[in-house]
Amino acid sequence: MNQNKLPADPLSLILGILALVIGIAGCCCYGITAIIPLAMAIIGLVAANRSLREFGENPEAYNPQSQSNVNTAKIINIIGVVLNGLVLLVALGVLAIYGTLLSSAVFEGLENGNFEDDDYYYESEYETTIEPESSETWEDDTYIIEEEVDSINLDSIQ
């Protein structure tokens, strides 16, 4: 009897392994990249379930080793879905908390109008006024050249 491999035998295993590797490496990126391996693990899990359903309908047509590989892939994809789902939920929770704190601080500042009380803004540093020493106004073409002439002792030169 000719026994074939299940359709998702290599596909679901590869997707599950890639989802785990990218998911673990993606933890260094604060969970932003957890969406891609989560989608890969879900696709691998759906393909593995579909293949196991086909094996259950006609077990004589498929190789038992292929069924074992698809079962392993199903477990790896379940682990990938759980791991990447948790990482994504934690990342979304952190973003929500951070966004809430940041927006509440901005709204309080808008309501109170206390932007000048900020530690980084000092009015005296940025606003300088120059008061003229005399009441004269100068035009652009007017120049004053002051020279002091030292008295030269002609007797000391000779």
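**Exercises on a predicted model**

The largest pocket in this predicted model has a volume of about 150 Å³.

**Exercise 1.** State which residues line the largest pocket, and how they divide into nonpolar, polar and charged.

*Solution.* Step 1: list the lining. It consists of Tyr30, Gly31, Ile32, Val87, Val90, Ala91, Val94, Leu95 and Tyr98. Step 2: sort these residues by class. The lining has 8 nonpolar residues, 1 polar residue and no charged ones. Step 3: identify the polar one.

**Exercise 2.** Find the residues that the UniProt record annotates as "transmembrane region", and describe the chain over each span.

*Solution.* Step 1: read the record. The unreviewed UniProt entry gives this annotation to residues 12-45 and 75-98. Step 2: take residues 12-45. This span is 76% helix and 0% strand, and its end C-alpha atoms lie 7 Å apart. Step 3: take residues 75-98. Here the chain is 100% helix and 0% strand, with 35 Å between the end C-alpha atoms.

**Exercise 3.** Compare the reach of helix α2 with the expected value.

*Solution.* Step 1: helix α2 covers residues 35-57, which is 23 residues. Step 2: from first C-alpha to last, α2 reaches 33 Å, close to the 33 Å expected at 1.5 Å a residue.

**Exercise 4.** Decide whether Ser51 is buried or exposed, and name its contacts beyond four places in sequence.

*Solution.* Step 1: locate Ser51 in helix α2. Step 2: apply the cut-off. Ser51 has 3% relative accessibility and buried means under 20%, so Ser51 is buried. Step 3: list the contacts.

Conventions:
Residues are numbered from 1 along each chain as its sequence is written. This is a predicted model: local features need pLDDT of at least 70, side-chain atom pairs count only at pLDDT 80 or more; totals for chains, interfaces and linings use all residues. Side-chain values use heavy atoms; hydrogens and water are left out. On a 1 Å grid over the protein atoms alone, a cavity is a set of points where a 1.4 Å probe fits but cannot get out, and a pocket is an open set with protein on both sides within 12 Å along at least five of seven lines; lining residues have an atom within 4 Å of a point. Grid points are joined across faces, edges and corners, and a volume is the space filled by probe spheres set on the points. Ala, Val, Leu, Ile, Met, Phe, Trp, Tyr, Cys and Pro count as nonpolar, Asp, Glu, Lys and Arg as charged, and the others, Gly among them, as polar. UniProt positions are given in the numbering used here, feature names are shortened, and annotations may be inferred rather than shown by experiment. Helices (H or I, at least four residues) and strands (E, at least two) are DSSP runs, numbered from the N terminus. The expected span of a helix is 1.5 Å times one less than its number of residues. Buried means under 20% relative accessible area, exposed over 50%, partly exposed in between (1.4 Å probe, protein chains only).
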